[in-house]
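Take a moment to look over the model below and turn it around a few times. Then read on, keeping the picture open beside the text.

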Amino acid sequence: MRVRINGNEVQARDGEMILDLARRENIDIPALCAEERLDPFDSCGVCVVEVEGKGVVKSCSTPVEDNMVILTKSPAAEEVRKAALELLLSNHWGDCVAPCRMACPASTDCQAYVSLAANGRFLDGLKIVYQNIPLPASFGRICPAPCEDACRREIAEEPVQIRHMKRFLADQGLDYLPPVGAPTGKHVAIVGGGPAGLSAAFYLRQHGHDATIFDAMPAMGGMLRYGIPEYRLPQSVIDRELDVLRRMGITFRNGVRLGEDVSCSQLEGEFDAVFLGLGAWGVRGMGLPGEDHSAVIQGTDFLRRVNEGERPTLPEHVVIIGGGNTAMDAARCARRLGSDVTVAYRRTVDQMPALEHEVVEAEDEGVVFQYLTQPVEFLADGEALQGIRCVKMELGEPDASGRRRPVPVEGSEFVIEAQAALLAVGQTIDTSCLKGEQLELARNGAILADEATGRTARDKVFAGGDVVTGPAIAVDAVGAGHRAADAINRFLRGETIEVPFVYSHEKYGVTRDDIGNPATSPRIRTAARNATDRINDFAEYESGLDDEEAVAAAQRCLECGCMAFDSCALRDYSTAIKAEQTTYEGDVPRRKRDERHPFIIRKVGKCIACGRCVRVCADVCGVSAIDFSGRGIETEVQVPFNRAWQDSTCVSCGACVDACPTGALYDRTVLEKQVPLELEGISTTCVLCGLGCEIEVQSLDGAYMRTTPADGSSVLCARGRYGWHTLGSEKRITTPLIRSGSALREASWREALHEAGKRLRDAKGSVAAFGTGLLTCEEGWLVARIAKGLGAGAPVFDVNAWRAQTEIAEERILPIEGLSEADLIVMIGPRSSHSKVVLDSLLLQEIARGAHVISYGADIPRATAERGISEFGEFLSTAHQGQTLLGQDLTAAKRPVFLLEESEVSRNVLEEIAETVAQNPTWSLVFVPATANAIGLRRLGFSEQLRTSAKAWLAVGADPAAMVAGRQHLLNIDTLVALSPVRSATTQRADVVFPMALPYETRGHVIGARGPKMLTPGARGLLEEETWEVLLRLAGELKIEPLPWHFDALSEAAKCEDRSGLGGLTSAGATPASITVNIDARLHSLGI
Amino acid sequence: MSDIREIRVGLATCGIAAGAQRVYEALASSLKESGLDIPIRRVGCVGMCYSEPLVDVVMANDAVTTYGNVTPEDVPRVVTEHVIGGQIVEGLCVSTESFLSRQVRIVLENCGRIDPESIDAYREQGGYAGLENMLAQMSPQDVIEMMTSSGLRGRGGGGFPTGLKWSLTEREPGAEKYMICNADEGDPGAFMDRSVLEGDPHRVLEGMAIAAYAIGAAHGIVYVRAEYPLAIARLERAILDARAAGFLGEDILGSNFSFDIKIKAGAGAFVCGEETALIASIEGRRGTPRRRPPYPSQSGLWEKPTCINNVETLANVPWIIRHSAEAFAAYGVGKSRGTKVFALAGKIKHSGLIEVPMGMSIGEIVFDIGGGILDDRPLKAVQMGGPSGGCIPAELADTPVDYEELKKTGAIVGSGGMIVLDDSTCMVDIARFFLDFTQKESCGKCTFCRIGTKRMLETLTKICDGEGSPEDLDALVDLGEKVKANSLCGLGQTAPNPVLTTARYFRDEYNAHLVDKACPAKVCKSLLRFEIDPATCKDCKLCVKDCPTGAITQGDGKYQSIDPETCVQCGRCYQVCPFGAIAIETGKVNVT
């Protein structure tokens, strides 16, 4: 039938739902509860469309009709969609982004770097800091840290030490150079080398543009360098950070003054874009009698001179006028120059804008504060200033700033003795240098620029920082510079400059109970020099955190931000429709996080009751571990009878996590403390069993984080998905080891290769080589080559393997995908515990398609029939098979397929089945090999014959010392060289151990139930070399020649890229090596 | 004495609750003591719940004398004076004339008249004759045709034509079909189905058997609330008797038609009255509705074609078969034919169960049958159709009971709950009351019902608490319309009705709450002020003693005064004041 959708006529299928049609036509209709694998559920109300004559309907459950006219984005549909989303938002308890990040003017991902630090991933953390802060060491010292004010821990106790964490990471990563983007050939001029300009230059460079900074002062840094005293921010720290920028290729041009040496329009002519980050260097006077006296100095001038290295001689009594941070800096510098210092401030201490700790520290250093004190005249006697006449103030009515206005107390005049006065009553914007340029300026001289992009009235000119906002904190300027850099980048690439709206949900009114009453854990006190000591010089007085302290301080993070921040459909749709959180504001059930499951974390408050987890668990996985409970607004997903999740029938497949459209369910990464991170996914194949599932290895800059199914809709088992987590880095072998007495010691590669080579050459002719079913074809080929070179004969699997003798035509053995062609599937024998959920999900798909499944000895959900395994034995042994129940089923079927797992049926049975299948031309066989690459290795000549006379063993990934067959010969050998990723029984006994890459860290081919697959290293791992490289080096050491020294040549030599389906039934089984033993033991201990 | 044929005691749940069991026992022993052999029948509810316990003395000539509000102590007088003496006990006698004379009793034909536990009693009234005749003479198509021309529509609330529903199920291929009787009566204040099941269970079974024959079903299920134990017990008994008598089971009356019935007790979730949720519940799953199509007629219980009819609908069926479609269609108006049973509740004199021809006006029901408003206060509105029906204001009392006409008012016929409200009812509060019920009973599946009704309730609560603003009302109505339009099942689609109808007909009352911060009916406590009238106060200090928060203290003058800050508007002072000196005020304080 034909229907019109959004004005286009398309062909629709009979009975098809509108949503399915739209998805086929690549028309995006937002939908939260609908998913292709599941029947329509009709609950979220988001997938609405307008149908002519029917009004607004749910597209997931409305079948198409002939000549239907559908509008997916009509105003009526959008109104309902928005209402549905806003209702869901009104009941959603969670933060898309952590409050610390929301509070940061530069949007620094505080939670991410704090949590990475908590996991000991310091460099990864620093990289996150650099995403928003180009000068982390400086800001880690001087930032007023609005993030800490927003930190939820503050509800219980002091906030997390976010600023200190930044300083710690920056001081750690001295060698790190942030990457720059691919060159674009565009060049941007930046005027002003302060926080705004440096930030703009940094991020422009990361976008690949050239950046030149012009600055009037002799050195870059702006107010960081010339305004902040050395004792807070050493010049050496700034220099070090500027050096990073210089090494990134940013050009510094100092001593160039805008309006004098170069004009804005000139820069516009010469560069592709201009960024103005001039700061606010003007100063405000007080207009008092005697103010023009030479001993009345601007605080900023004074600070600049001190920072430039001058140590002016100050008189005995100095008065600072003002109450901001500049006043504090001036006061404390004056103290350090030996003066008695009084700060005169016209309001009270509570209203003083200076940071509290600055005031306290100034007091500690002996600075005297006179509050409610307003100077009215500078008193001079000729050359010398004598004092300042002041008047006492009292607080009156609130003024425009909301603070109570100080008013003079009549007759309260008095004189403060002072030979010098430093004015710190405010900075102003001075844009006189822009006179004559076509820029729009505010009355106070500020450049008018868009806050989100820095766009000014002129196309190519952008501006940000204090010159736009007036004096503000440095991190504001960094944020402005960054936003402008992004906008300039979009401008230079011809994209829309405007910043798109992004929805961010927040928790309002969080209480101590909501944050789970965290155990008391105070901030870690960082050492500071005592006041009497520190006023003697300008050296930095505060210390940073050490490694241990940093980890402990970071552990205090409450992990507010959502793990699904970048994948949440609720957020994406809310963004697209510009939904608001508070349209339907009401009580939100403050459901708590549930972390009892070993791998799956539930943030129950974020659940939108779409039921995808419940339905996927039941209908896709055949498990039914969870269901809804409660009614109305209390409805929530629970394990039946409210038992703990892990006490359910849950098999830890994680399919519910993949199904969850929000952050209500997410799985643990390998990290101990969870961190919301943007991960990079690389598709590869799981090698933990013969199924060979397509997986995606998710990594952070090459470091393994988690595994997900490659296509998001298939199901993995607990072993494939979470098994790698359980290995833990403490079990990994990362350096070569050599036996020294009863223990193993770390050794260099050179030394270890030498030792191994010598020992194996000595044993030549009496060597046995072991491999495992996890080895790739390339690795297997090298093992076989080495074995041959050492006269060891065929390499062996690490256990007694077997193989079926019968061979049947290759086209009759199907890869597992062949199930989809069958109308009858006969499952023989049980499924192994780990593959169960994967096989069941495949079979459920086929059942839904209409195939009959008959199982012998297995409980397959929704099977047509379940029969005892002995009944199958009778079928096999009966002469007239057609008369048996199964025989009749087989006769009725057009394309019957037998399915079995090699590891779960005996050799005899396999042979008999093969024989039976071979006799009937319409029957086929699908089997799951016992290990990932059993087929490939068999082709390379791996055998199950253990050479018992061997004196030396080479074990590659295998763990023969743990196996019954191996153990009994262990005493006969005098050399054991092992390659292994983790410690095992074999490495304990070995003389030389080489580290080995995990399968997701190396490349190569395997041939499993799905045919040949190429493994791609999805993570860099802890090692520098992939396993095939280690084996090549060992072969080289053994003088085995010729060797294919490139991977492609090796791959070609191994010739294991399959050409013929799965090949004959000639596979051999092998028990997986130490990796799987380790994983399985750990999973078992977790009850899985 | 010898003229007395039998004595009937109403022993439905309403009667038992009023003490009818003890009256029955007293009557039995009294007759025995007097050596009288007069049969006592335990019958169901005749509908006059306001006069329970009821005792009918039935003469051989069918003349009935009804005694109401009978206590065990009254029994000896009835026996001595009436049964033995032949004199009607005047003071105890209640008139049934005004209550019954304007009713037309089809569904309730036997209720209160026959022993529900006796299949013979049912047969004596012509029971199962319809089934017998049908099996002998009619094809399933004939039966469907008859239902169609009778104009019978679903009495559970949907009003879907019964004949059409049957024919849709009949039309579906497949040998296995199900006939379900929906007895999950969940509306607060509604007890029509319960009374029928308790008073005349065989009628429902016969209706089911006829329906099953028409659609071709062999399996029947009565889905009944577990909160109706008496109805379940009587149904169980009736099923056993009907099976023994050959009206259920294999090869019924030698016709080759087989049909049997099981009972499924539901756990009392309101939403399980919804067809698809009911099916899920029978299948052992969580009782939540699902999308339609497929309709139950296509894919219902165990994915087989299934027909679900309400108790009252099915109770009409044997009558139609027995009396003809024309006889049924003779009652009613327009597209609403036959009769409808209503449960009268609220501020009405004759609260109970009635059955009237479709088309009778609401005013006639309330005043002519219902006897008018309690204490003769003015009628303010009638809540029709249960918690998800709508409020019909007094000025629309002429509206006839007709599916289409009622829908125009924003209310629905619904299953037949009728709650009568007088001027002491706050319409905002009543809307909140009903919405509170539906939002708690929401299955939680779809967004608009799960969250929308909750947000609406919060807004109503805000308004009742005097914290609303005029924009809140617009937002409330807007959200209500969205919930109505976009919810998955009938529960959500109708839940906003009380709010929408009260906002439509009683906008002034909402505005009083929103603008003047006043509750004109003086119900919303947050908006009330209790004040002491010094002229009436005798300074007895009873109120001072009873005030739980110590809000009443010596004021400026000699008399007590109530501190509005401390007062929690509990109303105890109002109740205890012997002089009526406490006044309840509402609205903003007039600054003079």
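What follows is a walk through chain A and then chain B, stopping at a few residues along the way.

A word on ground rules: this is a predicted model, in which local features need pLDDT of at least 70 and side-chain atom pairs count only at pLDDT 80 or more, while totals for chains, interfaces and linings use all residues. Residues are numbered from 1 along each chain as its sequence is written, chains are lettered from A and ligands numbered from 1 in the order in which they are written, and side-chain values use heavy atoms, with hydrogens and water left out.

Let's start with chain A as a whole. Its C-alpha atoms fill a box of roughly 125 × 85 × 60 Å along the principal axes. Of the 1088 residues in chain A, 60% are buried. Here "buried" stands for under 20% relative accessible area, "exposed" for over 50%, and "partly exposed" for what lies in between, using a 1.4 Å probe and protein chains only. Now for contacts, which are heavy atoms within 4.5 Å. Among contacts in chain A between residues at least 6 apart in sequence, 71% join residues at least 24 apart.

Now zoom in on helix 27 of chain A, residues 869-877. Which residues of helix 27 of chain A are buried? They are A:F872, A:F875 and A:L876. These residues cover an arc of only 95 degrees around the axis, so they sit on the same side of helix 27 of chain A. (The arc is taken from the directions from the helix axis to the C-beta atoms.) The face turned away from that buried side carries the exposed residues A:S870 and A:S877. And what covers the buried residues? The cover includes strand 35 (824-828), strand 36 (852-856), helix 28 (885-892), strand 38 (896-901) and helix 29 (907-919) of chain A.

Next, aromatic rings. Rings of Phe, Tyr and Trp (its six-membered ring) pair if their centres lie within 6.5 Å; planes under 30 degrees apart count as stacked, over 60 as edge-to-face and the rest as tilted. By this rule there are 28 aromatic pairs over all chains. One of them is A:Y704 with A:Y1000: the ring centres are 4.4 Å apart and the planes are at 20 degrees, so the pair is stacked. This pair links distant parts of the chain, with A:Y704 in strand 29 (residues 703-709) of chain A and A:Y1000 in the loop between strand 42 (992-995) and strand 43 (1004-1008) of chain A, 296 residues apart. Both A:Y704 and A:Y1000 are buried.

A:F872 and A:F875 form an aromatic pair too, but a tilted one, at 5.5 Å centre to centre with 35 degrees between the planes. Both lie in helix 27 of chain A, 3 residues apart, which is about one turn of the helix. A:F872 counts as buried because its relative accessibility is 2%. A:F875 is buried as well, with a relative accessible area of 2%. Ring pairs also link A:Y856, A:F872, A:F875, A:F898 and A:W923 into a cluster.

Now find A:S61, in the loop between strand 4 (55-58) and strand 5 (69-71) of chain A. Is A:S61 buried or exposed? At 8% relative accessibility, A:S61 counts as buried. Leaving aside its neighbours within four places in sequence, A:S61 is in contact with A:M17, A:P40, A:D42 and B:R291.

That brings us to chain B, where B:R292 is joined to B:P293 by a cis peptide bond with omega near 0 degrees. B:P293 and B:P294 are also joined by a cis peptide bond, and omega is about 0 degrees there. You can find B:P293 in the loop between helix 12 (275-282) and strand 8 (306-310) of chain B, and B:P294 is found in the loop between helix 12 and strand 8 of chain B.

One last stop is B:D539, in the loop between strand 16 (528-532) and helix 23 (542-546) of chain B. B:D539 has a positive phi of about 55 degrees although it is not a glycine. With 21% relative accessibility, B:D539 counts as partly exposed.

Conventions. Helix = DSSP H or I, 4+ residues; strand = E, 2+ residues; numbered from the N terminus.
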